[in-house]
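Hi everyone, thanks for coming. Have a look at the picture first.

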Amino acid sequence: MVEKNLDFRSDTVTWPTPEMREAAYKAKVGDDVMGDDPTVNELERIAAEITGKEAALFVTSGTMGNAVAVLAHTQRGDEIILEQKSHIFVNEVGGLAVMGQLMARTVPGELGWMKPEDIEKAIRVDNIHYPPTSLVCIENTHNSAGGIALTTKQMKADWDVAKKHKLAVHMDGARVFNAAIALGVDVKELAKYADTVQICLSKGLSAPVGSVVVGPADVIKRARKYRKMLGGGMRQAGIIAAPGVIAMTKMVDRLKDDHDNAKLLAEGLTKMGIKVVNQVQTNMVYIDYTTVGWKAGDWNKATKKIGWKSEGHGNGTRLCTHYGIEREDIKSFLDGLAKQLK
Ligand SMILES: Cc1ncc(COP(=O)(O)O)c(C=O)c1O
């Protein structure tokens, strides 16, 4: 029996499974800064293997994973290319400027995808007045575009242009397994079009904490040093890495349920007159409730009354499906909401 977690605010609200709690309790541990924690080593080995990369690094969060990867690819004063609504640019506290002393060059995406010709236009030519461009950051799935899965073809097109100009590519793959499941491809097929990939274990995969960064051994070695510099060197971290092993090996296939549930939710809301504003490809439904005459307060009151957590801001909100929400829960949410609308 899955413990109910009726909370649409994010997939970060997921609780660890009973198996994860057990694994954390029993985890074999050591000092990970010394490389001695067998569970962390096992998680890093699994992450590298699953994504087809040489090495991996366990970090505390997606933000730290992106930060250490970006730092490992760049030098102070470089310019890096990012999609204009990407998480790294919008939601990571400007860490690239503060920690890396990097310039951000943003490119507007089409459903989260930067077209290669737009990337190419943004790459600096060699000129004494210009900072050098050194890195392109891709986000897959793209969160603010609506949980959109960038295809292997789109990834390859961006990779080819980056490599033509000898640039590194980092993928913020916080939800790259959602992308792989939605596209029906092995995650390796997406990971091969990025030098490094940051993957969150604590979102749809339900681990309580942590991310992994995968990539070439030399880049991961530099990222490891930056992790230490940022205070992310952990000691008996096997306790939190053990649920991560379960996340990567046992929680990926069920993401399909989240995607199916998001589609069911979107269909039901549309029938009620609530506008779904994104293409629902993965576990996110972005809505506009003003189409039924509601404001944020009405949405918040109605959802609370029927026992769900959801936070409307302005005209709408994002609803995330995840572990702890099952098909019957979506149906009863829709029934309950319909009554509130009457
Ligand atoms: C696309 C994306 N990248 C990175 C992150 C950062 O992850 P964390 O919250 O673990 O720092 C998030 C978090 O929501 C995200 O959605």
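Let me begin with a question for you: which element gives the largest share of the lining of the largest cavity? Keep that in mind for a moment. One thing to know before we go on is that this is a predicted model.

Why do we look for empty space with a probe? Rolling a probe the size of a water molecule over the atoms shows where empty space is left.

In this structure there are 2 cavities of 30 Å³ or more. The largest cavity holds about 110 Å³ of space. Back to my question: helix H3 is the answer, with 5 residues in that lining. H3 and H5 are the elements that give two or more residues to the lining of the largest cavity. Among the lining residues you can find Thr63, Asn66, Ala67, Val70 and Leu71, and also Leu96 and Met99. Sorted by class, the lining has 6 nonpolar, 4 polar and 1 charged residues.

Now for the second largest cavity, with about 40 Å³ of space. Its lining includes Ala174, Arg175, Phe177, Cys200 and Lys203. Which element gives the most here? This time it is helix H8, with 3 residues. Both H8, which covers residues 176-183, and S6 supply at least two residues of this lining. The classes here are 6 nonpolar, 2 polar and 2 charged.

Let's move on to the pockets. The largest pocket has a volume of about 260 Å³, and 23 residues line it. Nearest its centre are His87, Ala174, Arg175, Cys200 and Lys203. H3 gives the most to the pocket lining, with 3 residues. In terms of class, the pocket lining divides into 4 nonpolar, 13 polar and 6 charged residues.

So where does the ligand sit? You will find the ligand in the largest pocket. There are 13 residues around the ligand, and Gly62, Thr63, Asp172, Arg175 and Lys203 come nearest. Helix H3, residues 62-73, supplies the largest share of this shell, with 3 residues. By class, the shell has 2 nonpolar, 6 polar and 5 charged residues.

Let's zoom in on a few contacts. Thr63 has a polar side-chain atom 2.6 Å from an oxygen atom of the ligand. For Arg175, an N or O atom in the side chain is 2.9 Å from a ligand oxygen atom. Asn143 places a polar side-chain atom 3.2 Å from an oxygen atom of the ligand. On its own the ligand has 390 Å² of accessible area, and the protein covers 84% of that.

Finally, two details of the backbone. Asn140 and Thr141 are joined by a cis peptide bond, with omega at about 0°. Thr141 is in the loop between strand S4 and helix H7. The other detail is Val93, which has a positive phi of about 60° although it is not a glycine. Look for Val93 in the loop between helix H4 and helix H5.

That's my tour, and I'm happy to go back to any part of the picture.

Definitions and conventions
Residues are numbered from 1 along each chain as its sequence is written. This is a predicted model: local features need pLDDT of at least 70, side-chain atom pairs count only at pLDDT 80 or more; totals for chains, interfaces and linings use all residues. Side-chain values use heavy atoms; hydrogens and water are left out. A residue is near a molecule or strand if one of its heavy atoms lies within 4 Å of it. A polar contact is a pair of N or O atoms within 3.5 Å; within protein, one must be able to donate a hydrogen and the other to accept it, and residues adjacent in sequence count only if both atoms are side-chain atoms. Accessible areas come from the Shrake-Rupley method with a 1.4 Å probe; for residues, only the protein chains shown count as cover. On a 1 Å grid over the protein atoms alone, a cavity is a set of points where a 1.4 Å probe fits but cannot get out, and a pocket is an open set with protein on both sides within 12 Å along at least five of seven lines; lining residues have an atom within 4 Å of a point. A molecule sits in a cavity or pocket if more than half of its atoms lie within 2 Å of its grid points. Helices (H or I, at least four residues) and strands (E, at least two) are DSSP runs, numbered from the N terminus. Ala, Val, Leu, Ile, Met, Phe, Trp, Tyr, Cys and Pro count as nonpolar, Asp, Glu, Lys and Arg as charged, and the others, Gly among them, as polar. Grid points are joined across faces, edges and corners, and a volume is the space filled by probe spheres set on the points.
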